[in-house]
Amino acid sequence: MEKGLISVDRWDEQSQAYFLTHLHADHTQGLSHRWKRGPLFCSPITSRLFPAKFPGFNLSLIRVLEIGSPHLISLVSPSSGTEIAVRVTAIDALHCPGAVMYLFCGEFGSMLYTGDFRWEADSDKALIGKSQILSVLQGNELDFLYLDNTYCNPLFSFPPRDVVAQQVVDIIASHPDYDIIIGLDTLGKEELLLHISRALKTKIWVWPERLQTMHLLELSDVFTTNTALTRVRAVPRYCLTIKNLKGLNSVHPTIGIVPSGLPWVRPVEGKDSSVGSDLSVCCTSKRSRKNRVVVDVSQVVASKFPKLLHERLYSVPYSDHSCFSELQEFIKFIKPAKMRGIVSSSICYVNPSYYFCDLCEDSQDHQQVDQSSESVEVIQSESVSGCNKSNIARGRKSSDKVSGLGVRKRRVSISRRERIGARIAEMDSTS
Ligand SMILES: [Zn+2]
């Protein structure tokens, strides 16, 4: 596809059509109420949530794509002035409300941009997504896959979300005299809260902005801002710190629960090096471009189960991103000719081709190093299945740098300045 036509989750450069996968802040960096570069395509639920997130935005720019229905858009080649037809289909990304993947088809071939996604392959919604993708591709192979590689490392393995939701219910039920604080982002994990509410027959407290979101999602019956009505409270993730938890416990016995696939990470160059001293630091450091992060593998391995991070603070592996085996399943299903990770500075920035080169044609690209990636250190690594094991630290306690693996020679590429988003452009096809 020619440069300057389409951008996905990228808002700072000129394109003819912009696609928003979902409303998490790391995918909307650069969007504001003043943004007006061009038409903005999104899912029906995202369009419903959008005005509250960006009050004053020119809503005439919003184009709503129904899930699973191919939509034809007409673009103009900047070089030749000829019309370029692009068929785009939004597929449920199973990540947070409104999150979608985009499947683009045209003379340039086919490209799937997953955005953030959780591929629980046997779930009803994934089966629907599967059939929609197959219907669009009509037996053809996918040419290029942009993959949510947040947890693209064999170290990461999560149970299905309904299993973890029950783990959370069990934790709450085993603490009948405690208040419960659950740390959440501004969007996502609604299904977890609904599961808790149904199982324990309780309402759930949320902060006022979250209640507005619940209203927009038509889920407001279960939620309240009246603390007298329930002992279960969902709070902004950054509020759930050890310090705050101690303060709450000085008033009433309280436990905290952090639902996240994020393993135990801590900044190497931060002022506080004590593991787990401040959970908010742990959570926000994951995608920092400034700090290297350390993954304590012994903690990752234990992440299939609830874990007591602190005296009264539990971590549960409830993830809205796919774990390694799910990514593998997805790639086996989609069979891309080439692929590329869309997360460039997480703890798992390794190009998916590094592990999955046997599942696509991208076999030579994985050996090249993407110098733009930040380094991470892996402490005490374990055996890894993959096609280039010699480059992976194994059985060593010391810190080994693992560099991101990128691609210099390929037909289709993306340019990224931030960790998320793509401006899709055609490169030299002879390389
Ligand atoms: Zn997200």
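Biologist: Where is Gln138 placed?
Modeller: This is a predicted model. In it, Gln138 sits in the loop between H2 and E9.

Biologist: What is phi of Gln138 near?
Modeller: Phi of Gln138 is near 50°, a positive value in a residue other than glycine.

Biologist: And is Gln138 buried or exposed?
Modeller: Gln138 is exposed, because 7 other C-beta atoms lie within 10 Å, and the cut-off for exposed is 12 or fewer.

Biologist: Which other residue has a positive phi, near 55°?
Modeller: That is Asp9, again a residue other than glycine. Asp9 is in the loop between strand E1 (6-8) and strand E2 (17-19).

Biologist: Why does Asp9 count as buried?
Modeller: Asp9 has 27 C-beta neighbours inside 10 Å, so it counts as buried. The cut-off for buried is 20 or more.

Biologist: Sheets now. What is the order of strands in the open sheet of six?
Modeller: The order is E5-E6-E7-E8-E9-E19, with mixed pairing.

Biologist: Which strands stand at the edges?
Modeller: Strand E5 (71-76) and strand E19 (336-341) do. Each has a single partner strand, so one side of each is left without a neighbour in the sheet.

Biologist: How are neighbouring strands of this sheet turned against each other?
Modeller: By 20° on average, direction ignored.

Biologist: In what sense do E8 and E9 pair?
Modeller: Strand E8 (residues 109-113) and strand E9 (residues 142-147) pair in the parallel sense, over three bridges. In one of the pairs, Tyr113 has Tyr146 in E9 as its bridge partner.

Biologist: Back to H2. Which strands does H2 lie across?
Modeller: Helix H2 (residues 124-137) lies across strand E6 (83-92), strand E7 (100-106), E8 and E9. H2 runs at about 160° to E6.

Biologist: And what does H9 lie across?
Modeller: Helix H9 (residues 324-334) lies across E8, E9 and E19, and runs at about 160° to E9.

Biologist: Last topic, the hairpin. How many residues are between E17 and E18?
Modeller: Two residues lie between them in the hairpin. Strand E17 (residues 307-310) and strand E18 (residues 313-316) run antiparallel and are joined by three bridges.

Biologist: Which residue in E18 is the bridge partner of Lys307?
Modeller: Ser315 is the partner of Lys307.

Methods:
Residues numbered from 1 in each chain as written. Predicted model: local features only at pLDDT ≥ 70, side-chain atom pairs only at ≥ 80, totals over all residues. Pairing = 2+ DSSP bridges. Helix = DSSP H or I, 4+ residues; strand = E, 2+ residues; numbered from the N terminus. Axes fitted to C-alpha atoms, helices over the stretch in contact; angles between N-to-C directions. Contact = placed C-beta atoms within 7 Å.
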